[in-house]
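Please consult the sequence and the structure shown here.

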Amino acid sequence: MVVLHYTEMADAETALARLTDPEAKVSAHYLISEAGEVIRLVDEAKRAWHAGVSFWRGIRDVNSASIGIELDHPGHALGYREFSEAQFSALVPLLARIVEEHGIPRANVVGHSDVAPARKIDPGELFPWDRLAEYKLCLARPDKLEAGDPFDNDAAFYLALERFGYDVTDGHKAVEAFQRRWRPEKIDGEVDGQVRAILFRLLLDRDQGRTR
C-alpha cells in the first residue's frame, strides 16, 4: 500500500532534519516539498517508520507493507491550508510509478488517518483525493448511492467499515476518518444515512470487481 502523510512542520528543511535523525525513530520513503521537490529518503524495498501503530485491511504492521510519502505542509497545528499545485504535480508521477511497479490497488492508496484513525488526521480534509482519483491513483468518491438504509444497525455498519479496511476499535474516530476521506464537508463521527450509503457503495463496487 501507499500511505500519504503531511509533515506538520514549519518547512521542508525542518521535516527533512527530523526524518533523517536516528534519534527521532521516524522516517519515510519520500518527502515532497511544497515547491515540488521530491526527496528520496529510504529505498522502496526497505521498511520506513512512517505509519506507527496502524491497521488496514487486516494488516497490523503497515510499515512492513507500505511506502510512505510525506508532504511538506504545516498541518492543522501550524495553519491548515490547501496543498500546493507544485506539490500535487510532483506527487502524481511519483505515485503513478509506485503503484504500477508494485501492483498496488487503488483501494490501498490511503491517508495516515485511514490506517491510524484514533491517532492521526493527516493529510486531512483538504487533500485533493478527487483529483488524484481522476488519474486513477486512488478510489473515487461514489457518485451513485443506493436508496434506503443498507445496514440494519450501527453494529452492522462498523462490521462493514472494518471489512472495508478500517480499525474500528474506536468507532467514533473510525467514522471521523472515513468522513475525512469520503465526505470531508462534514466530519462529526456520527453514522448517518449518507455515510452508510457511501460505505455500502464502496463495498458493492469492490465486491463486484469495479474497483481494485
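## Overall fold

The model is predicted. The protein contains 7 helices and 5 strands, arranged along the sequence as β-α-β-β-β-α-β-α-α-α-α-α. Its radius of gyration is 17 Å, close to the 17 Å given by the globule rule for 212 residues, so the protein is as compact as a globular protein of that length. The C-alpha trace spans about 50 × 30 × 30 Å along the principal axes of the protein.

Among contacts between residues at least 6 apart in sequence, 64% join residues at least 24 apart. Buried residues account for 51% of the 212 residues.

The protein exposes about 10,000 Å², of which carbon and sulfur atoms supply 49%.

## Helix α6

Helix α6 covers residues 171-182. At 1.5 Å a residue, its 12 residues should span 16 Å, and this agrees with the 16 Å between its end C-alpha atoms.

Of the 12 residues of α6, 10 are buried, so the helix is largely enclosed by the rest of the structure. The buried residues of α6 are G171, A174, V175, E176, A177, F178, Q179, R180, R181 and W182. The elements covering them include α3 (112-115), α4 (129-134), α5 (154-164) and α7 (193-207).

Notes:
Residues are numbered from 1 along each chain as its sequence is written. This is a predicted model: local features need pLDDT of at least 70, side-chain atom pairs count only at pLDDT 80 or more; totals for chains, interfaces and linings use all residues. Side-chain values use heavy atoms; hydrogens and water are left out. Helices (H or I, at least four residues) and strands (E, at least two) are DSSP runs, numbered from the N terminus. The radius of gyration is taken over C-alpha atoms; the globule rule is 2.2 Å times the number of residues to the power 0.38. Buried means under 20% relative accessible area, exposed over 50%, partly exposed in between (1.4 Å probe, protein chains only). Contact means heavy atoms within 4.5 Å. Accessible areas come from the Shrake-Rupley method with a 1.4 Å probe; for residues, only the protein chains shown count as cover. The expected span of a helix is 1.5 Å times one less than its number of residues.
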